[in-house]
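The structure comes first, followed by the details.

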There are 2 protein chains.
Amino acid sequence: MSLTTLFNPRSVAVIGACNEPQKVGYALMKNILAGSPREVYPITLGEVEVLGHAAYPTVSMVAGSINCAIIAVRADLVPKILTECADKGVESAVIISAGFKEMSEEGAAHEREVARIAHERKITLVGPNCLGVMNTHAGWNATFAVGAPRTGHLAFVSQSGALGTAILDQANAEGVGFSKFISLGNEAALTELECLAYLADDSDTAAVLLYLEQVADGPRFLEAATALTRTKPLVVLRAGRSSRGAAAVASHTGSLAPSDAVFTAALRQAGAVIVDSTRAFFSVAKLLTLGITTPRTRLAVLTNGGGPSVNTADLIDLSGTLTLAPFTDATKAALRTGLPSMAAVGNPIDVIGDAGPDRYAHALDTLAGLDTVDAVLGLVTPQMMTDPEGIANTFATYRGRKPIIPVFMGGGAVTGGIRTLHEHGMVNFNAPSDAVEALAALAASVPISLRTTPLEPTSATTAPHASLSMLPFTEMQELLAAYHIPLAGVLAEERDDLPRATRELGDGPYALKVVSPELVHKSDVGALRLNLAAHELSEAWDTLLAHVHEHAPEATCTGMLLQRMTGGVECIVGMKRDRIFGPVVVFGLGGIFVETLKDVSMRIAPVSEAEALAQILEIKGLPLLMGARGREPVALEILAATIAALSRLALEHPEIEEADLNPVLASPSGATIVDARLMVR
Amino acid sequence: MSLTTLFNPRSVAVIGACNEPQKVGYALMKNILAGSPREVYPITLGEVEVLGHAAYPTVSMVAGSINCAIIAVRADLVPKILTECADKGVESAVIISAGFKEMSEEGAAHEREVARIAHERKITLVGPNCLGVMNTHAGWNATFAVGAPRTGHLAFVSQSGALGTAILDQANAEGVGFSKFISLGNEAALTELECLAYLADDSDTAAVLLYLEQVADGPRFLEAATALTRTKPLVVLRAGRSSRGAAAVASHTGSLAPSDAVFTAALRQAGAVIVDSTRAFFSVAKLLTLGITTPRTRLAVLTNGGGPSVNTADLIDLSGTLTLAPFTDATKAALRTGLPSMAAVGNPIDVIGDAGPDRYAHALDTLAGLDTVDAVLGLVTPQMMTDPEGIANTFATYRGRKPIIPVFMGGGAVTGGIRTLHEHGMVNFNAPSDAVEALAALAASVPISLRTTPLEPTSATTAPHASLSMLPFTEMQELLAAYHIPLAGVLAEERDDLPRATRELGDGPYALKVVSPELVHKSDVGALRLNLAAHELSEAWDTLLAHVHEHAPEATCTGMLLQRMTGGVECIVGMKRDRIFGPVVVFGLGGIFVETLKDVSMRIAPVSEAEALAQILEIKGLPLLMGARGREPVALEILAATIAALSRLALEHPEIEEADLNPVLASPSGATIVDARLMVR
């Protein structure tokens, strides 16, 4: 699917064009004609010409060729019109019209028909039910949005037209420019996948903003997003994270939103910058506009007022990922030379209330030379002597030597300064928290170097309510062993095997567990005995059999698992097959940590050992593994290897629906898998 | 200290007034003269008249009386001038000038002198080093800020002048009005305490905003804040929460910021609305401007675009305190009658992209009648057919029937709508997250009804590094018992006491612990034995003694504590005396929860039992007390009684510096205090 003629057509037909300013067909014509010169053919039955361009009743009547069709007519007419476009050789089409899947079953039928035509006739199709597309570098605005966006280097892909209009309008007001914009609508054909692939190679685009309510294909999304983040930032505003948000998505798109925890894990893994609000989305867009595209964590704060800088210092310090760079005595001395005695020369630097641009310049001159400072937050409050325009010009002068993040606080008194910033292609943050939140979001994106395993997309689809059964013990043990996931212990098929088993295992004490395909949770029915000496095993066998026979008469016993009792920190390694993203591996501490505190971390398979290590490091209870209370740290790399191995098993065995290694006892020397379950369809 | 003439003087002297527009003395005169008519006397040596008003060389030369002096001259001249003011009968003075404590030791000496004069001559003194004061309802602006604020019903008390200028300027641009503003500066005399007391009774003030870097007196602050929140909201932007933020406070005020956890506990307890950023501070001010002064948690979202409402639903759902009100079928049917078929009539209500004011009006008409909806978030994106002014007028029409929180998203295309809101005395939130964050902050403020204990201010000052010693065992046991905090077990002074002790306690097994003033942490030196049968006690006594003698030869043994072994959830109840707020009681789960996860909650003493219950309910590990993993819930009320009792003990025994009840084993039938320590100076 080529997107070239979509973003820069030589000739375009506007189907449904008209001369009534209140209509979409007029707005589209107007926006298209306001751009670079190209052949524009209004197609309408009601007019002879539209906005000075000769109109045609059908595309077939146009003499020249047509690259791209913009369609804004009644939904039921669209299939026929799209066929005519195909006959005319149209390569790309944007269906603006609503009234499809989101409206009724009849509309859904039209949408399926449209998708079929696009597929068969190889048309790159956007929509239906969308705002349109833009390419500022080609003077191309095929949307019905009010006002043309500024030219810039951010691409914006939106699964909501309304959010698109709001962000584009705000961007114009606040100095943020775009390279391309695309409103995906119902995604009958083109989805975010093709957009990400195209934008990864687009030289006009330095970063991609994506508002995402649904993903067409989890593994392919992960692949496309990962490929993109190797070269440029991908900022994702997730929608439908909560149950009510997901319900709202379903109500207006008819699609399911991915489950929040899995979605977040997938986005993190893809190296995306994840934000949770339109405010944060826009704030990150501002950072990108300032040229800040990689994490900048060691910050300096420069201010003309104490209060705002204290709040900024708090927000930076409490972010967890950002820090105020410490200054050396030499730096402080250099700062002091050009500042009044009341100025503070630590970090924050307070050039105090009566500061003119010269004091900001002096401080920036010093900061520009510091390797220990990644970026400067330049705070300006409108005090009596403040010259916002002058300070904005100073920021522009120094931005080439050190990234500067302007924070002019206030209202009317700072608009001149903000306007000056815009003239220099810079933007302003109205509150320090906006800038800090954006820097923290950027800093939280995971370096893609951790993704060392090449991704092999798998089918993620599973029947949601298929009944599952437990894989028989011997099969499970062999399968796990094949992936170097050794289940602890030796299987004794009958009581007389016990002496052999104890010899294989070495000294006790031992645990003895009934192996039965019918017993999923052994401890629930008391099908295990702990802390047994060798001479107690034989009797324990008999009492266990009798116990199980009494409490779970349906359970057959295919043997017993004999294990040596062992110590360690109780962990859980699990796998669930997500309906959208495929196998998801889960790690957590056992017992109350998982059950009560929900302290788990997730990754989409495949997971490399390095990435599994990062996954382990994410849990809140990490200190317990790192040697809290005076203990020795556990062997994290062995836990990581187990996670990575389980992720490979899950990918290569699509019949395994769920896996549970629980508990895994992590110790300084290893990880003992005490119990395991594999559930198959 | 009366603040009447400070906020509405009949006659005022401006000392340091001048005719040069770049100077503070000019800005002060200009702002004062722009207000209501009053007698204004410029005092200056260099001019005959200032801004058309006859000038005098000294206040003593003024013929009439003077209520209030605004002083903007060199710091070293201020003590003499303040004395002249006192001689003239001035009741209030505002020292704008900087160059005092924040500058040098010499400045600090001037500041002490100024404070002494104010105290002796009973002058209400603001500053030095401040922006000034305002009272919009009296046409009084004695600041050098640019532009006069809108009249409103919010008072704003700021410990930062720069933050004051920024917020006032932003407020003007965004439709937020104030009743009074006061910049506290160095607080040589007047502090936040007198302001809170005055504003609690001020009929022009419906709510108070406070930017707080330091508190002059912890217990009195708590008292004043609690008194205020009984009648109106108090919104606090805390500064210096982090170590770097606190360092920044110290650097520009020379004062210490309170420790974050204790400060937060104190503010919660006072019923304050706590915010962490200037953005959230301003957002709450907007809610208050809309007349929303109490928690509104059951929300409806009304929108003309899907994406923004999905994000809003997510933010509400994930807030933890706010909810989207569910709609009945009758409500949905009522909504449906006036909306197109594609509209969504759940919550969020989507009146879709081409909605005019009529559709918003129809939805608001239905929502206005719902008791289950506390407030409506009205989202507006600028689409082609959108009429922002019309929708703003609709919001204004319905605001009397249901609180409406306008969220016009975008830039230039919605400015007309925002202007219309301002004309109606309403304000706009530019992003849904701003509104949700403010609503969540309001909802998180604790109902003051929980504070049932009358507050008895105590001296909070303690020597920070005083060496502490452990209160002897018998004294400690008696002191605890006097507060109904029973330490478990019976003291055996010598081995022969053991049989009596076992008879008193009842059946074993027992724990035996060495009591020694030198052993603070018994388990560290192995000075205890667990799980002993009655017949093992005598031998255990001897081995314990020998063990302690070997490993801690300096320790004297004054007896042993015999306890019955008992079960329960391990908790910690503690007390530390905070340098600013006095005794702080701490509750947490024992072991890793406190040590590793830092999962504790705090309250300033005194703590009622009801408040202690709220304190217990705050910890993250709460499910463990409420019966996680199928267990019975513990007796929370007995734990609460223990916390409340310890808070009384701390208040009435200022010599106790720290207390530790650890572990306290909480069970369904009680709370067993297994070990305790009281540290005294």
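In what order do the four strands of the open sheet in chain B stand? The model is predicted, and in it the order is β21-β24-β22-β23, with antiparallel pairing. The edges are taken by β21 (490–492) and β23 (528–532) of chain B; each has a single partner strand, so one side of each is left without a neighbour in the sheet. From one strand to the next the twist averages 25°.

The pairing of β21(B) with strand β24 (residues 559–564) of chain B is antiparallel and runs over three bridges. Within β24(B), B:L562 is the bridge partner of B:V490. Helix α18 (residues 498–505) of chain B packs on this sheet, where it touches β21, β22 (510–515) and β24 of chain B. The direction of α18 makes about 170° with that of β21(B).

**A buried loop residue**

B:N428 belongs to the loop that lies between α15 (415–423) and α16 (432–444) of chain B. Is B:N428 buried or exposed? Its relative accessible area is 5%, and because the cut-off for buried is under 20%, B:N428 counts as buried. The side chain of B:N428 reaches the backbone nitrogen of B:F408 at 2.7 Å. Leaving aside residues up to four places away in sequence, B:N428 touches B:E174, B:K286, B:P406, B:V407, B:F408, B:I418 and B:L421. Of these, B:I418 falls in the residue range of α15.

**The interface of chain B and chain A**

The size of an interface is often given as the accessible area lost when the parts come together.

| Item | Value |
|---|---|
| Area buried between chain B and chain A | about 6,100 Å² |
| Share of that area from carbon and sulfur atoms | 62% |
| Residues of chain B in contact with chain A | 85 residues |
| Residues of chain A in contact with chain B | 85 residues |
| Salt bridges between chain B and chain A | two salt bridges |
| Residue pairs in polar contact (both at pLDDT 80 or more) | 32 residue pairs |

Which three residues supply more than any other three of the area that chain B buries against chain A? They are B:R244, B:R279 and B:M384, which supply 12% of that area. B:R279 also forms a salt bridge with A:D434, and the closest N and O atoms of this pair are 2.3 Å apart. On the side of chain B that touches chain A, helix α11 (residues 306–318) gives the most, with ten residues.

How values were computed
Residues are numbered from 1 along each chain as its sequence is written. Chains are lettered from A and ligands numbered from 1 in the order in which they are written. This is a predicted model: local features need pLDDT of at least 70, side-chain atom pairs count only at pLDDT 80 or more; totals for chains, interfaces and linings use all residues. Side-chain values use heavy atoms; hydrogens and water are left out. Helices (H or I, at least four residues) and strands (E, at least two) are DSSP runs, numbered from the N terminus. Buried means under 20% relative accessible area, exposed over 50%, partly exposed in between (1.4 Å probe, protein chains only). A polar contact is a pair of N or O atoms within 3.5 Å; within protein, one must be able to donate a hydrogen and the other to accept it, and residues adjacent in sequence count only if both atoms are side-chain atoms. Contact means heavy atoms within 4.5 Å. Two strands pair if DSSP finds at least two bridges between them. Axes are lines fitted to C-alpha atoms, for helices over the stretch in contact, and angles run from 0 to 180 degrees between N-to-C directions. Buried area is the accessible area (1.4 Å probe) that two parts lose on being put together, summed over both. A salt bridge is a side-chain nitrogen of Lys or Arg within 4 Å of a carboxyl oxygen of Asp or Glu.
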